[in-house]
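Please view the sequence and the structure before reading on.

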Amino acid sequence: MSSTTTTTTSPTTNSTAINSNSKNGSNQDPGSYFIDVARQYSSPIGGETELEPKELNTLNSSGGFLVVSTDKLSVKYPSVNLHGHDVGVIQADKPVPDKRLVYYFEIFVKNAGAKGQIAIGFTSQGFKMRRQPGWEANSCGYHGDDGNLYSGHGKGEAFGPTFTTNDTVGAGINYASQEFFFTKNGAVVGGVYKEIKGPLFPTVAVHSQNEEIEVNFGQREFAFDLKEYERQEAMKQKSTVDKISLPPNISYGLVRSYLLHYGYEETLNAFDVASKSTIPPICIAQENGSGEQDTAYALTHRKTLRQLIRNGEIDTALSNLRDWYPQIMQDEKSAACFLLHSQKFIELVRDCVALLAYEQPQKCSAGYLLEDSQREIVADAVNAMILLTDPNVKDSQSCLRSHLERLLRQLTVCCLERRSFNGDQGEVFHLHRVL
């Protein structure tokens, strides 16, 4: 309707640290790095819950031209409009959540009224509440009387079919493609590039006598299969990634350097056997002049200590460390000593106190400390401290992370940068979710 015509198995450190903040930079002290990792794990990243629209906002509407039901999910245009500005328009109570792949809502047309001048779309917070969505800047709307799409001005463009009584119409935002999309009776009508930045509100409008609609913000099942749509969008992204060719020796080299870095000696040996048995055998070249003897430093010791810590045998690990690497243990206030003694206390809690205080210790507020991943953090710290004793180490930061983890950190930065180009809207990338 025109405005002019109407009148895992990997250490927890790996996923947690990759999402850490800027203070985990290239010059961070190796000891404090793992203290930060342990601290971050106490408040896992990605657990935030976004507020979602639940009802219509009766405080921000063209109140004189529509009647809102008591549940704030239905609107009706009761009178005859006299001119183009007599629009009954109303926004949702909250802006659309923007940390996801897709947002979507629907309306059901109970009565198309005299002219069927019903619209659905999205508008900004400062939108004029006597105008149809799409008539003004920073808004977009699909209109039922002409099937046109309006994107920020009064002239619509041919878009889809009209809609009327008993039709279900939906509006969504695909953050991956940066598009608005609209549906009718469970099928996608089409999409348009989302030029609007900043918070947007689901918005509906009625504009002729007896028009009445119900809004569904997800309180009941949608006519449109949203889960299947999200699955298809995710598959599109995966398909794009799968088309990228990666030589086997590069991927094998990354995995092998990871196993070496963390002291997984037995897995490393099995991996080497498997690599040689492929047809043709995979040859992993050493690059940049870095010999394998550097990353293989103290491999057996590091494997033994990791196994002890993972088994909760902290006293034995401490004893071995004092015998093998007294330089690490000479400072009782060092990060390695702090983490080991803290883990020793945690093991005591695991065995005794928690059993008395909690029926299900791992579900209490400090339950994360009892998980195997907490032991992995300590094992990673000890592993890094041993690597630092290697006289051939030129860069202490190389002891903190394997080549694979550095690549994953770069991936995370790239994903964050891409999201920033979209106005910080779209699915938030958390590596541990992907893994």
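Which residues of strand 7 lie on one side and which on the other, and are they buried or exposed? Ser-139, Gly-141 and His-143 are on one side of strand 7 and Cys-140 and Tyr-142 on the other, and all are buried, so that both faces are covered. Buried here means under 20% relative accessible area, whereas exposed means over 50% and partly exposed lies in between, with a 1.4 Å probe and protein chains only. Because five of the five residues of strand 7 (residues 139-143) are buried, the strand is largely enclosed by the rest of the structure.

This is a predicted model, in which local features need pLDDT of at least 70, side-chain atom pairs count only at pLDDT 80 or more, and totals for chains, interfaces and linings use all residues. Residues are numbered from 1 along each chain as its sequence is written, and side-chain values use heavy atoms, with hydrogens and water left out. Helices (H or I, at least four residues) and strands (E, at least two) are DSSP runs numbered from the N terminus, and two strands pair if DSSP finds at least two bridges between them.

| Paired strands | Bridges | Direction |
|---|---|---|
| strand 6 (residues 119-123) and strand 7 | five bridges | antiparallel |
| strand 7 and strand 8 (residues 148-150) | two bridges | antiparallel |

Ala-119 has His-143 of strand 7 as its bridge partner, while Gly-141 is partnered by Tyr-150 in strand 8. The hairpin of strand 7 and strand 8 has four residues between the strands, and in it Gly-147 takes a positive phi near 70 degrees.

Arg-306, which is found in helix 7 (residues 299-310), counts as buried because its relative accessibility is 3%. Arg-306 and Asp-380 are 74 residues apart in sequence, yet their C-alpha atoms are 7.9 Å apart in space.
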